[in-house]
Amino acid sequence: MNIFITGASGYIGGSIALHLMKSGHHIRGLVRDAAKAERLRALGIEPVLGDLDNKQLLMQEAGNADAVINCASSDHRPAIEALLEGLAGSGKPLLHTSGSSTVGDAVAGKSLSDKIFDEDTPLIVAEGKQARYELDRRIIDAAGTMDIRTVILCNTLIYGTGKGLHPDSVQIPALVDHARACGIVQIVGPGLNRWATVHIDDVCALYQLALEKAPAGSFYFVENGEASLADIAAAIGKRLGIAKIEGLSEEDAIAVWGLGRARYSLGSNSRIRGIRARKELGWQPQHASAIAWIEEEMA
Ligand SMILES: NC(=O)c1ccc[n+]([C@@H]2O[C@H](COP(=O)([O-])OP(=O)(O)OC[C@H]3O[C@@H](n4cnc5c(N)ncnc54)[C@H](OP(=O)(O)O)[C@@H]3O)[C@@H](O)[C@H]2O)c1
């Protein structure tokens, strides 16, 4: 297939692009930086220079592709509207990368939630994450209203080394970078909160399965395991040889990582079970432990 991927220079998009190329697919990748475009070309990805605000370009690329995968942003609604418009009436697949911070609770690391969500559980969505949740709904609805085979892949905390230009994910690298800069592993509060996790290689395998056979309008949580932020911090400390681990107040954490990441990502619970992908698509994730990856493999 000719596949148009946004976020081709990023962690998820780059990894998926290279993974799909191995199966013989041709990838056109959106990239907003000319130097990165040349680096993508060297990897065999055909660069499309532009950004998510370029409606005409996105419509045109979507219209010409056999399939579209959005990996640039879980939140950029105008870009999604443009891709939907370009695909309208085609029945072609649109895979959208969402994230499970939609169910993140703002506990500032102070408690473990007993709420565990799967695809059949009504979601509890914090006010700050309503827009992402509504965008997911919009994309699912477009399966029926616009005749597009839309699929939401709602990722949990992704770990592992990416395959493309940007090898680092979001949450663990943010903690690692900060720990290396200040010599202390800092987290939000005591880190009693837990996140569901998944390895990037298993993510790539699931996107491929979804591309091949997910029904229109489907939603999958992407999960294989869970870890508390305290255990992640301990593993980072062990890997970096840093003994001191410290819990920041939410206010201090926001100053370090920004509001969205400190509150709904590093300081929240996001406890998920990805049941449907296993049942419907036969997904069999191979990597089970973010902690083992940090301690044994993380660069
Ligand atoms: N990593 C995770 O654990 C995880 C889990 C769930 C959801 N998500 C969500 O998935 C999305 C992608 O995550 P990621 O980890 O792959 O992030 P990433 O490595 O930062 O990749 C984002 C990619 O999108 C591109 N991009 C961003 N804004 C753009 C714009 N306005 N126009 C054109 N390109 C743009 C970036 O281009 P540049 O190279 O030019 O910056 C980059 O290639 C994010 O919304 C993230 O919140 C991530």
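Helices (H or I, at least four residues) and strands (E, at least two) are DSSP runs, numbered from the N terminus. With that in hand, let's start the tour.

This is a predicted model: local features need pLDDT of at least 70, side-chain atom pairs count only at pLDDT 80 or more, and totals for chains, interfaces and linings use all residues. Residues are numbered from 1 along each chain as its sequence is written.

**Stop 1: the sheet.** Select the seven strands of the open sheet, in the order β3-β2-β1-β4-β5-β6-β10, with parallel pairing (two strands pair if DSSP finds at least two bridges between them). At the edges you will find β3 (46–49) and β10 (218–222), each pairing on one side only.

Stop 2: Now pick residues 26–31, strand β2, which pairs with β3 in the parallel sense over four bridges. Look for Gly29, opposite Pro47 in β3.

Stop 3: Select residues 200–213 to see helix α7 lying across β4 (67–70), β5 (93–99), β6 (149–155) and β10. Helix α7 runs at about 165 degrees to β6 (axes are lines fitted to C-alpha atoms, for helices over the stretch in contact, and angles run from 0 to 180 degrees between N-to-C directions).

**Stop 4: two helices.** Finish with α4 (residues 77–87) and α5 (residues 130–146), whose axes come within 11 Å and cross at roughly 10 degrees. Residues to show include Ile80 and Leu84 of α4, and Leu135 and Ile139 of α5, which take part in the contact.

Note on methods
Two residues are in contact if their C-beta atoms, placed from the backbone, lie within 7 Å.
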